[in-house]
Amino acid sequence: MENNVKKLFGKFILGLSKVLDVILGGLVNILSYIVNLLSSLSVFLVILGIGFLALGSFIIPFILIILLASPFFWAVIFVFFIVPFLGKKFISFLRYVNYSLCEYLNDYGNFLMGNNKNYSSFREYKRKYERAQEEQRQREREERQRREREEWERRFNSFNEYFSQGGFYTNYQGQGYQGYQNYNGAYSDPYSDFKNKFEKSCDELEFNTYDIDFYQVKLQYRKLAKKYHPDLNRDVDTTEKFQQINSAFEFLTEENIKRYNQMKR
């Protein structure tokens, strides 16, 4: 009798987890659409505002006074700028709740029905979610690195092909092929571009030398990521610096370090 009650309750918990997954997942999708729409409109409003101020620069002080005194202006600021910012934070929280709560209920329901021998505490699902997020970020980082690597290879190959054919290789429009001449004919050497980006990335990670290895890159990245992480700097906005550090770390791969060292020879 007791086992039947446990199994019945387990079925209820499983059903509840599925219902919550649909509700929370749908809510995340709806809010994401609204936030993305408002973010797009906010960009349009900024461009429109800049254009309007540029046309009437001599009356800017009067316009600002009128706008700052208008409740409608502050309502627009709140809806199109503050709501998207807070909305992204709330959506991130909802995704965490959706994953952690539904996975916990699903495993607990299966445990009651005898399908699982045990189940983890709710806190463990938070750690699982964080690991899943980190794995997702890693996959996205690797995909960006792959696309960038392919783009550099394309530019290097095009540049080498151009000079191997006597410098007369052009595209179908008769212009210099992209990679060493841009659309207006300005000279662009991918080897110089690569060297400049490599050294700039080293500067972003605060190295005092360009003679580095990947182990040093990882150590320096971890050090600076902790120092400039936005969540650890409440008083100062370090978001831009943190993004620059991430971009530099993504570029300074073992392959790019090896390529840079070969270019110095």
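Predicted model: local features only at pLDDT ≥ 70, side-chain atom pairs only at ≥ 80, totals over all residues.
**View 1. Trp 152 and Phe 156 form a stacked aromatic pair.** The structure holds 15 aromatic pairs, and in this one the rings of Trp 152 and Phe 156 lie 5.8 Å centre to centre, with 25° between the planes. Both residues belong to helix H4, which covers residues 122–164, and they are 4 residues apart, about one turn of the helix. Trp 152 is buried, and so is Phe 156.

**View 2. Phe 156 also pairs with Phe 194, which lies in helix H5.** The ring centres of Phe 156 and Phe 194 are 6.0 Å apart and their planes stand at 65°, so the pair is edge-to-face. This pair links distant parts of the chain, since Phe 156 is in helix H4 and Phe 194 in helix H5 (residues 190–204), 38 residues apart. Phe 156 is buried, with a relative accessible area of 2%, and Phe 194, at 0% relative accessibility, counts as buried as well.

**View 3. Five residues form one aromatic cluster.** The cluster is made up of Trp 152, Phe 156, Tyr 191, Phe 194 and Phe 251. Over the face of one of its members, Phe 194, lies Arg 259, at 5.7 Å from the ring centre.

**View 4. Lys 241 lies over the face of Tyr 228.** Here the distance of Lys 241 from the ring centre of Tyr 228 is 5.4 Å.

Terms used. Residues numbered from 1 in each chain as written. Heavy atoms only, no water. Phe/Tyr/Trp six-rings, centres within 6.5 Å; stacked < 30°, edge-to-face > 60°. Helix = DSSP H or I, 4+ residues; strand = E, 2+ residues; numbered from the N terminus. Buried < 20%, exposed > 50% of the residue type's maximum accessible area, 1.4 Å probe, protein only. Lys NZ or Arg CZ within 6 Å of the ring centre and 35° of its normal.
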